[in-house]
Structures are given as structure tokens and as C-alpha cells.
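This briefing walks through one protein chain, topic by topic. Please keep the sequence and the structure in view while reading.

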Amino acid sequence: MKFCCVALVLITFQSTSYARTVHHSSRAVSDPAYSSALAAANRFLHAWQNEDHEAGIVMLADSARQNLSADSLQTFFSPGADAAYEIAHGQRLKAGEYAFPLVLFSSSERNAEGKVEGKAEIKGPRRCKLVVIRDGKSDWAVEKLP
């Protein structure tokens, strides 16, 4: 009898010591558009990192394109060879619109005209945000450059 009681206490102790509260994100259930917005933001940042001007510009919303000069787009999509980014958990601003906090790292040195020259210089990280909006039935567009 003594052995049975000790075994029961051990089993109870072991099962409660490993018990954890599992936190499930309700975002996936309540907001199915989040993952596609995040994927669009990631594609845009990948174009920026690889200096793929064409792919990045195609992803801009019409309103964003109208507010940017060709020179500013050229400068933005020329971050340098060691460009990198960090994208954090986004926030739904309203239906079909998300903001993603970013940290951008670039390594190019530019002259007054915005052209890359000389040795590359690592710039400090730049904190900003990327806003993506639903553009059509299943497409996403970048509303504002970071």
C-alpha cells in the first residue's frame, strides 16, 4: 500500500511539473490576411536588399510612386552589398492595411547626387516602418517607403 501511494504522488508531481500554459496566437484565426501581408513586405524588402529596382518599384502603390522622384527611388534601392533587414511583428492598422516595424542596414556611401562612390561604409541601423495595403483582390502594395 505504501508503494502505491508513493507512485501516485510521483506521477502527480511529474505531470504537474512539466505542465505549461500554451499560448496560441488568435491572429491566424481572426486575421487570415496577416500572413499574406507579411509575405508581401518580405518580398519588397528582399528586392531592396538585392538592389532589384524593378521588382521593388512594381510593388509600390500608385500613391507611393506619385510622391517619389526617380532619384529617390534609385537611392533607396541601392543600399550596398551588405544590406540587411529585420522585420518585426506587424500591426493591423485597419482592414487591408498593416504596418511592420523594420531595422534597415545599408553599407553604401553616396555623394550629393545620391550616387555610390568610393569605399563602402557601414551605416548605422535605421529604424522605420513599412506600410502595406491590399491592392486588388489578392495583391498587396507598399503604401509608403520605409
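The chain holds 6 helices and 5 strands, and the model shown here is a predicted one. Read from the N terminus, the order of the elements is α-α-α-α-α-α-β-β-β-β-β. The points below go from the chain as a whole to its nonpolar core, and then to particular residues and pairings.

**The chain as a whole**

- Of the 146 residues in the chain, 31% are buried.

**The nonpolar core**

- The largest nonpolar core is made of 26 residues, and the ones with the most contacts inside it are Phe44, Tyr98, Leu104, Leu130 and Val132.
- Two or more residues of this core come from each of helix 3 (33-49), helix 6 (70-76), strand 3 (97-105), strand 4 (126-134) and strand 5 (140-144).
- Helix 3 is the element that gives the most to this core, contributing 8 residues.
- Val132, which is one of the residues with the most contacts inside the core, touches a set of residues that includes Ala37, Ala41, Tyr98, Phe100, Trp140 and Val142, when residues up to four places away in sequence are not counted.

**Gln49 in helix 3**

- Gln49 lies in helix 3, and this residue counts as partly exposed because its relative accessibility is 26%.
- Although Gln49 and Ala83 are 34 residues apart along the chain, their C-alpha atoms are separated by 5.4 Å.
- If its neighbours within four places in sequence are left aside, Gln49 is in contact with Pro79, Gly80, Ala83, Ala84 and Tyr85.

**Salt bridges**

- Side chains that carry opposite charge can pair when their charged atoms come close.
- The count of salt bridges in this model comes to 2.
- One of them joins Asp62 and Arg65, whose closest N and O atoms are 3.0 Å apart.
- Because Asp62 and Arg65 are 3 residues apart in helix 5 (residues 62-66), about one helical turn separates them.
- Asp62 is exposed, since its relative accessible area is 53%, whereas Arg65 counts as partly exposed at 31% relative accessibility.
- Lys94 also forms a salt bridge, in this case with Glu97, and here the closest N and O atoms are 3.6 Å apart.
- Are the two partners, Lys94 and Glu97, buried or exposed? Lys94 is exposed, with a relative accessible area of 51%, while Glu97 counts as buried at 17% relative accessibility.
- Glu97 is also among the residues that Val132 touches.

**Strand 2 and strand 3**

- Strand 2 (residues 91-94) pairs with strand 3 in the antiparallel sense, and 3 bridges are found between these strands.
- Which residue of strand 3 is the bridge partner of Arg92? The partner is Tyr98, a residue that is listed as well among those with the most contacts inside the largest nonpolar core.
- The hairpin of strand 2 and strand 3 has 2 residues between the strands, and within this hairpin Gly96 takes a positive phi near 75°.
- Gly96 is in turn one of the residues that Val132 touches.

Conventions
Residues are numbered from 1 along each chain as its sequence is written. This is a predicted model: local features need pLDDT of at least 70, side-chain atom pairs count only at pLDDT 80 or more; totals for chains, interfaces and linings use all residues. Side-chain values use heavy atoms; hydrogens and water are left out. Helices (H or I, at least four residues) and strands (E, at least two) are DSSP runs, numbered from the N terminus. Buried means under 20% relative accessible area, exposed over 50%, partly exposed in between (1.4 Å probe, protein chains only). A nonpolar core is a set of buried Ala, Val, Leu, Ile, Met, Phe, Trp, Tyr and Cys residues joined through side-chain atoms within 4.5 Å. Contact means heavy atoms within 4.5 Å. A salt bridge is a side-chain nitrogen of Lys or Arg within 4 Å of a carboxyl oxygen of Asp or Glu. Two strands pair if DSSP finds at least two bridges between them.
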